[in-house]
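Look over the sequence and the structure first, then read the points below.

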Amino acid sequence: MPVRETIGIIDFGSQYSQLIARRVRESHVYSELLSPQVTPQQLRELGVRGLILSGGPASVYAAGAPTCARGVLEMGLPVLGICYGMQIACQLLGGQVQAGQTREYGRVRLRVTQPADVLAHLAPEVNVWMSHGDVVTQVADCFESLATTSGCPVAAVRHKSLPVFGVQFHPEVSHTPDGEQIIRNFVYDICGCQGDWRVQSVIESAVATISEQVGPEERVICGLSGGVDSSVTAALVHRAIGDRLVNIFVDNGLCRRREAELVAITFRDHFGMDLRVVDARDRFLTKLAGVLDPQQKRQIIGHEFIEVFKQEAKSIAGARFLAQGTIYPDVIESGHGPTGHAAVIKFHHNVGGLPAVLGFELVEPLRNLFKDEVRLVGEALGLPETLVWRHPFPGPGLAVRIAGEVTADRLELLRSADEILLEELHAAGWYRKVAQGFAVLVPVSSVGVMGDGRSYEGQHLIVIRLVESKDFMTADWVHIDYGVLATISNRIINEVHGVNRVAYDVSSKPPSTIEWQ
Ligand code: XMP
């Protein structure tokens, strides 16, 4: 990939580290998370224009607290320390950090004594978001204070001879209204970036990288699931190598209504791509017969998927590459970033993933992109809104949204309820406000009034689950209008045979999970 302006973010384990990276990119400058162990030599090789030191949960004076090399601060590279990052910078360069008299959490008034450098263009008093117990009590002679709050005498600093700055508050969160300005001050005025991270240039550089990796004659296989990531991957690879891309869509019968159709219309009819749809519905249903345990369902589906995919891939002569929709948060969370550091390891249930043993070389054009960037690229490549803004859908699909055995009848029933739910979310303008929404079939025979008598027979419960979430590791149930719920419930009960009761799930994650199983 051509060298582009890059801001490195040393990740000390803050819950906001990825947010810092996204904010820098929203200012049109590429950013990458780095390990605290990164050396000045590595930074030179990466060609970074500036460094941001993230916050972190530790105290800088605690034994074993993460730190970085002092040389990183002294190599002349512009540095902005945020919260813990500012404390580390001050401590390494001779200042003192201690537990504060009072902790500051939440919105705090900042008095800007020097509206210059990172604080340029700020009013004399602004609101900022704080979240800290420790404070810098003494700055070395080489630092000067730029701002204060009532609980924090040194709320922003500047080094007198090095381009090293620090803010005790969090400019990356939306509760700091001037945060964007502060980040722009740093990346543009202090680091001298021009802002070359734009959708068009991202597409051009991805296309160039794919063409170079694949060469002029080789073929690439892409496992299309119909999700955002694999769809954008296919569109990018297709732009780079045209009809040397072959897409495989495995129809496992566990998809939502008309999903296979949407994939075919989009990729085959609209983009003119080579798309192989493998009808494996019966095969999956047969394997799932009598299986009640959700983890066993996942294993069976994962295994079958690989078998079906392998078989189909064999029929594509001369394909050496496999395109995958791995995105940047996956890379960070599995610890495969440029300096191999992982702050958090997310439990991955990715049954749709294909193992390395398939023997293909991977093409992963989204490896550096956050989800919102993937969506922008998808829009710019002309993918339909229904695909670009689609909620995540689990690899094992509707199978894990049916409590108990998966049968053709139950799948049909759930698909009908799910279709109504999605239609109504779209109609009421709620779809884009919800991170993930779906119906769950709980096949308990709940009592209903049928004609003159009470009937238990064949009447089941549908649960509606709607969550809002940034990263799907925590989630909150959506406070949706009752009117919308009423319409969804009425329609499901009236239109879906076999359902006489609809419930709304009001549990958050943790401790509940997003899926029911
Ligand atoms: P949970 O239920 O763990 O889900 O809160 C978090 C996110 O992961 C999705 N999910 C899965 N995705 N295969 C997948 O590809 C799976 O087996 C699976 N189980 C859960 C879930 O839909 C949510 O987005």
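A crossing of two helices is left-handed if the near helix is turned anticlockwise from the far one by less than a right angle, and right-handed if clockwise. The helices here (H or I, at least four residues) and strands (E, at least two) are DSSP runs, numbered from the N terminus.

The model is predicted: local features need pLDDT of at least 70, side-chain atom pairs count only at pLDDT 80 or more, and totals for chains, interfaces and linings use all residues. Residues are numbered from 1 along each chain as its sequence is written, and side-chain values use heavy atoms, with hydrogens and water left out.

**Helix pair α9 and α10**

- Helix α9 covers residues 281-288 and helix α10 covers residues 294-314; they pack at an angle of about 150°, with their axes 10 Å apart. Axes are lines fitted to C-alpha atoms, for helices over the stretch in contact, and angles run from 0 to 180 degrees between N-to-C directions.
- The two are therefore roughly antiparallel to each other. Angles over 145 degrees count as roughly antiparallel, under 35 as roughly parallel, 65 to 115 as roughly perpendicular and the rest as oblique.
- The crossing of α9 past α10 is right-handed.
- On α9, the contact uses R283, F284, K287 and L288; on α10, it uses K297, I300, I301, E304, F305, E307, V308 and Q311. Contact means heavy atoms within 4.5 Å.
- By class, this contact of α9 with α10 has six nonpolar, one polar and five charged residues. Ala, Val, Leu, Ile, Met, Phe, Trp, Tyr, Cys and Pro count as nonpolar, Asp, Glu, Lys and Arg as charged, and the others, Gly among them, as polar.

**Helix pair α14 and α15**

- Helix α14 (residues 408-427) and helix α15 (residues 482-495) have axes that come within 10 Å and cross at roughly 150°. That makes α14 roughly antiparallel to α15.
- This crossing, too, is right-handed as α14 passes α15.
- From α14, A417, I420, L421, E423 and E424 meet V484, T487, I488, R491, I492 and E495 of α15. The contact of α14 with α15 has six nonpolar, one polar and four charged residues.

**Helix pair α6 and α12**

- Helix α6 (residues 199-214) packs against helix α12 (residues 371-380) at an angle of about 85°, with axes 10 Å apart. α6 and α12 are therefore roughly perpendicular to each other.
- V199, Q200, V202 and I203 of α6 meet L376, V377 and A380 of α12. The contact of α6 with α12 has six nonpolar residues, one polar and no charged.

**Around the ligand**

- Twelve residues lie around the ligand, and R298, Q436, K509, I514 and E515 come nearest. A residue is near a molecule if one of its heavy atoms lies within 4 Å of it.
- A polar side-chain atom of K509 is 2.7 Å from a ligand oxygen atom. A polar contact is a pair of N or O atoms within 3.5 Å.
- A polar backbone atom of I514 lies 2.7 Å from an oxygen atom of the ligand.
- An N or O atom in the side chain of E515 lies 2.5 Å from an oxygen atom of the ligand.

**Backbone exceptions**

- Most residues other than glycine have a negative phi, and most peptide bonds are trans.
- K509 and P510 are joined by a cis peptide bond, with omega about -10°. A cis bond also joins P510 and P511, with omega about 5°.
- P510 is in the segment after β20 (499-504), and P511 is in the segment after β20.
- C83, a residue other than glycine, has a positive phi near 55°. C83 sits in the loop between β4 (79-82) and α4 (84-92).

Methods
Polar contact = N/O pair within 3.5 Å; in protein donor to acceptor, adjacent residues only side chain to side chain.
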